[in-house]
Amino acid sequence: MGNGFDRQTRKALGIFLVLGCIAGVFYSSYRIEMGFTTIGLEFIEFVKRTAAQWRFSTEWNLEWLEGALQKIVQIVAFILLGFFVSAAFSWWGIVKRKRIWLVILTAALVTVADEGFQYMVLQGDFNGLDLILDLAGVFVGYEILHLKERTNRE
(Lines give C-alpha, C1' and ligand atoms only; values in the text may rest on other atoms or scores of the structure.)
Protein backbone atom coordinates (compact mmCIF):
# COMPACT_ATOMS: atom_id res chain seq x y z
CA MET A 1 0.00 0.00 0.00
CA GLY A 2 2.87 2.36 0.59
CA ASN A 3 1.28 4.17 3.54
CA GLY A 4 3.71 2.80 6.12
CA PHE A 5 1.23 0.70 8.12
CA ASP A 6 1.13 -3.06 8.37
CA ARG A 7 -1.96 -5.01 7.33
CA GLN A 8 -3.48 -5.30 10.82
CA THR A 9 -3.07 -1.59 11.50
CA ARG A 10 -4.71 -0.73 8.16
CA LYS A 11 -7.66 -2.98 9.05
CA ALA A 12 -8.09 -1.36 12.46
CA LEU A 13 -7.77 2.17 11.09
CA GLY A 14 -10.25 1.34 8.35
CA ILE A 15 -12.81 0.06 10.85
CA PHE A 16 -12.48 3.21 12.97
CA LEU A 17 -12.69 5.37 9.84
CA VAL A 18 -15.87 3.70 8.60
CA LEU A 19 -17.52 3.74 12.04
CA GLY A 20 -16.50 7.37 12.54
CA CYS A 21 -18.05 8.37 9.22
CA ILE A 22 -21.26 6.53 10.02
CA ALA A 23 -21.40 8.30 13.40
CA GLY A 24 -20.84 11.61 11.60
CA VAL A 25 -23.77 10.90 9.28
CA PHE A 26 -26.08 10.13 12.20
CA TYR A 27 -24.89 13.19 14.12
CA SER A 28 -25.48 15.48 11.13
CA SER A 29 -29.00 14.03 10.80
CA TYR A 30 -29.60 14.66 14.48
CA ARG A 31 -28.39 18.28 14.21
CA ILE A 32 -30.52 18.91 11.12
CA GLU A 33 -33.70 17.43 12.62
CA MET A 34 -33.24 19.09 16.02
CA GLY A 35 -32.59 22.51 14.59
CA PHE A 36 -29.75 24.40 13.10
CA THR A 37 -26.73 25.45 15.11
CA THR A 38 -26.18 29.10 15.95
CA ILE A 39 -23.56 29.27 13.20
CA GLY A 40 -26.10 28.17 10.61
CA LEU A 41 -28.75 30.56 11.87
CA GLU A 42 -26.26 33.43 12.04
CA PHE A 43 -25.21 32.71 8.46
CA ILE A 44 -28.85 32.95 7.34
CA GLU A 45 -29.22 36.24 9.22
CA PHE A 46 -26.00 37.51 7.58
CA VAL A 47 -27.37 36.71 4.12
CA LYS A 48 -30.65 38.46 4.97
CA ARG A 49 -28.81 41.58 6.22
CA THR A 50 -26.60 41.61 3.15
CA ALA A 51 -29.62 41.26 0.85
CA ALA A 52 -31.34 44.12 2.68
CA GLN A 53 -28.28 46.36 2.32
CA TRP A 54 -28.15 45.64 -1.41
CA ARG A 55 -31.91 46.18 -1.59
CA PHE A 56 -32.59 42.63 -2.76
CA SER A 57 -34.79 41.84 0.23
CA THR A 58 -37.95 43.06 -1.48
CA GLU A 59 -37.29 40.77 -4.43
CA TRP A 60 -35.80 37.73 -2.70
CA ASN A 61 -37.62 35.32 -0.45
CA LEU A 62 -34.92 33.72 1.70
CA GLU A 63 -37.13 31.22 3.51
CA TRP A 64 -35.62 28.42 1.37
CA LEU A 65 -32.08 29.10 2.60
CA GLU A 66 -32.29 27.05 5.82
CA GLY A 67 -33.54 24.00 3.93
CA ALA A 68 -30.82 24.42 1.31
CA LEU A 69 -28.11 24.61 3.97
CA GLN A 70 -29.48 21.49 5.64
CA LYS A 71 -29.32 19.59 2.33
CA ILE A 72 -25.74 20.80 1.78
CA VAL A 73 -24.70 19.55 5.23
CA GLN A 74 -26.36 16.21 4.55
CA ILE A 75 -24.73 15.80 1.12
CA VAL A 76 -21.29 16.74 2.45
CA ALA A 77 -21.64 14.12 5.21
CA PHE A 78 -22.34 11.45 2.59
CA ILE A 79 -19.54 12.66 0.31
CA LEU A 80 -17.17 12.17 3.23
CA LEU A 81 -18.72 8.76 3.91
CA GLY A 82 -18.13 7.68 0.30
CA PHE A 83 -14.57 8.97 0.33
CA PHE A 84 -13.53 7.41 3.62
CA VAL A 85 -15.36 4.10 3.17
CA SER A 86 -13.70 3.74 -0.21
CA ALA A 87 -10.33 4.62 1.35
CA ALA A 88 -10.82 2.01 4.07
CA PHE A 89 -11.69 -0.66 1.49
CA SER A 90 -8.62 0.36 -0.49
CA TRP A 91 -6.47 -0.03 2.63
CA TRP A 92 -7.89 -3.52 3.05
CA GLY A 93 -6.81 -4.42 -0.48
CA ILE A 94 -10.31 -4.49 -1.98
CA VAL A 95 -10.09 -3.13 -5.52
CA LYS A 96 -12.04 -2.44 -8.69
CA ARG A 97 -15.60 -3.73 -9.02
CA LYS A 98 -15.63 -5.48 -5.66
CA ARG A 99 -14.81 -2.18 -3.95
CA ILE A 100 -17.48 -0.32 -5.93
CA TRP A 101 -20.14 -2.84 -4.94
CA LEU A 102 -19.08 -2.83 -1.30
CA VAL A 103 -19.17 0.97 -1.23
CA ILE A 104 -22.65 0.93 -2.79
CA LEU A 105 -23.86 -1.72 -0.34
CA THR A 106 -22.41 0.13 2.65
CA ALA A 107 -23.89 3.40 1.41
CA ALA A 108 -27.31 1.87 0.87
CA LEU A 109 -27.34 0.34 4.34
CA VAL A 110 -26.20 3.57 6.02
CA THR A 111 -28.64 5.66 3.98
CA VAL A 112 -31.63 3.48 4.84
CA ALA A 113 -30.52 3.29 8.49
CA ASP A 114 -30.13 7.07 8.60
CA GLU A 115 -33.57 7.68 7.12
CA GLY A 116 -35.03 5.13 9.55
CA PHE A 117 -33.25 6.89 12.42
CA GLN A 118 -34.73 10.21 11.30
CA TYR A 119 -38.20 8.71 10.99
CA MET A 120 -38.39 6.54 14.11
CA VAL A 121 -36.18 8.35 16.61
CA LEU A 122 -36.20 11.99 15.53
CA GLN A 123 -39.83 11.98 14.32
CA GLY A 124 -38.79 13.29 10.91
CA ASP A 125 -39.80 12.14 7.46
CA PHE A 126 -38.61 9.08 5.56
CA ASN A 127 -37.78 10.86 2.33
CA GLY A 128 -36.99 9.12 -0.96
CA LEU A 129 -35.27 12.22 -2.32
CA ASP A 130 -32.87 12.10 0.64
CA LEU A 131 -32.00 8.51 -0.27
CA ILE A 132 -31.10 9.59 -3.79
CA LEU A 133 -29.10 12.63 -2.62
CA ASP A 134 -27.26 10.52 -0.04
CA LEU A 135 -26.29 7.88 -2.57
CA ALA A 136 -25.22 10.57 -5.04
CA GLY A 137 -23.03 12.09 -2.31
CA VAL A 138 -21.42 8.71 -1.62
CA PHE A 139 -20.76 8.24 -5.33
CA VAL A 140 -19.10 11.69 -5.53
CA GLY A 141 -16.90 10.83 -2.54
CA TYR A 142 -15.94 7.52 -4.14
CA GLU A 143 -15.11 9.25 -7.42
CA ILE A 144 -12.97 11.88 -5.69
CA LEU A 145 -10.84 9.15 -4.12
CA HIS A 146 -10.77 7.19 -7.39
CA LEU A 147 -9.57 10.30 -9.26
CA LYS A 148 -6.88 10.85 -6.62
CA GLU A 149 -5.71 7.27 -7.00
CA ARG A 150 -5.62 7.51 -10.82
CA THR A 151 -3.67 10.77 -10.82
CA ASN A 152 -1.14 9.41 -8.29
CA ARG A 153 -0.44 6.42 -10.55
CA GLU A 154 0.35 8.57 -13.58
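Buried means under 20% relative accessible area, exposed means over 50%, and partly exposed lies in between, with a 1.4 Å probe and protein chains only as cover. By that scale R7, at 49% relative accessibility, counts as partly exposed.

This is a predicted model, in which local features need pLDDT of at least 70 and side-chain atom pairs count only at pLDDT 80 or more, while totals for chains, interfaces and linings use all residues. Residues are numbered from 1 along each chain as its sequence is written, and side-chain values use heavy atoms, with hydrogens and water left out.

**Whole chain**

Start with the protein chain in cartoon view. It has five helices and zero strands, in the order α-α-α-α-α along the sequence. Helices (H or I, at least four residues) and strands (E, at least two) are DSSP runs, numbered from the N terminus. Of the 154 residues, 33% are buried. The chain exposes about 10000 Å², and carbon and sulfur atoms supply 67% of that area; accessible areas come from the Shrake-Rupley method with a 1.4 Å probe, and for residues only the protein chains shown count as cover. Among contacts (heavy atoms within 4.5 Å) with a separation of 6 or more, 69% join residues 24 or more positions apart.

Select R7, which is found in helix α1 (residues 7-34).

**Helices α3 and α4**

Two packed helices are described by the angle between their axes and the distance between the axes. Select α3 (residues 65-91) together with α4. They pack at an angle of about 140°, with their axes 10 Å apart. Here axes are lines fitted to C-alpha atoms, for helices over the stretch in contact, and angles run from 0 to 180 degrees between N-to-C directions. The crossing of α3 and α4 is right-handed; a crossing is right-handed if the near helix is turned clockwise from the far one by less than a right angle, and left-handed if anticlockwise. To display the contact, show Q74, F78, L81, V85, S86, F89 and S90 of α3, and R99, L102, V103, T106, V110, T111, D114 and E115 of α4.

Next, select K96 in helix α4. Most residues other than glycine have a negative phi. Phi of K96 is near 55°, a positive value in a residue other than glycine. K96 is exposed, with a relative accessible area of 66%.

**Salt bridges**

Side chains of opposite charge can pair when their charged atoms come close. A salt bridge is a side-chain nitrogen of Lys or Arg within 4 Å of a carboxyl oxygen of Asp or Glu, and the count comes to two.

Select D130 and K71, which form a salt bridge with their closest N and O atoms 2.4 Å apart. D130 lies in helix α5 and K71 in helix α3, so the pair ties together parts that are 59 residues apart in sequence. D130 is buried at 6% relative accessible area, whereas K71 is partly exposed at 29%.

Move to R99 and E149, whose closest N and O atoms are 2.7 Å apart in their salt bridge. R99 lies in helix α4 and E149 in helix α5, so this pair ties together parts that are 50 residues apart in sequence. R99 is buried at 4% relative accessibility, and E149 is buried at 18%.

**The loop between α4 and α5**

Finish at the loop between α4 (96-120) and α5 (128-153), where V121 is placed. V121 is exposed, with a relative accessible area of 53%. F126 is in the loop between α4 and α5 too and is partly exposed at 43%. Not counting residues up to four places away in sequence, F126 touches V112, E115, G116, Y119 and L131.

Now show V112, Y119, M120, V121 and F126 as a surface: they make a nonpolar patch of about 540 Å². Patches are made of residues with over 30% relative accessible area and no salt bridge, with like charges joined within 9 Å and nonpolar side chains (Val, Leu, Ile, Met, Phe, Trp, Tyr) within 5 Å.
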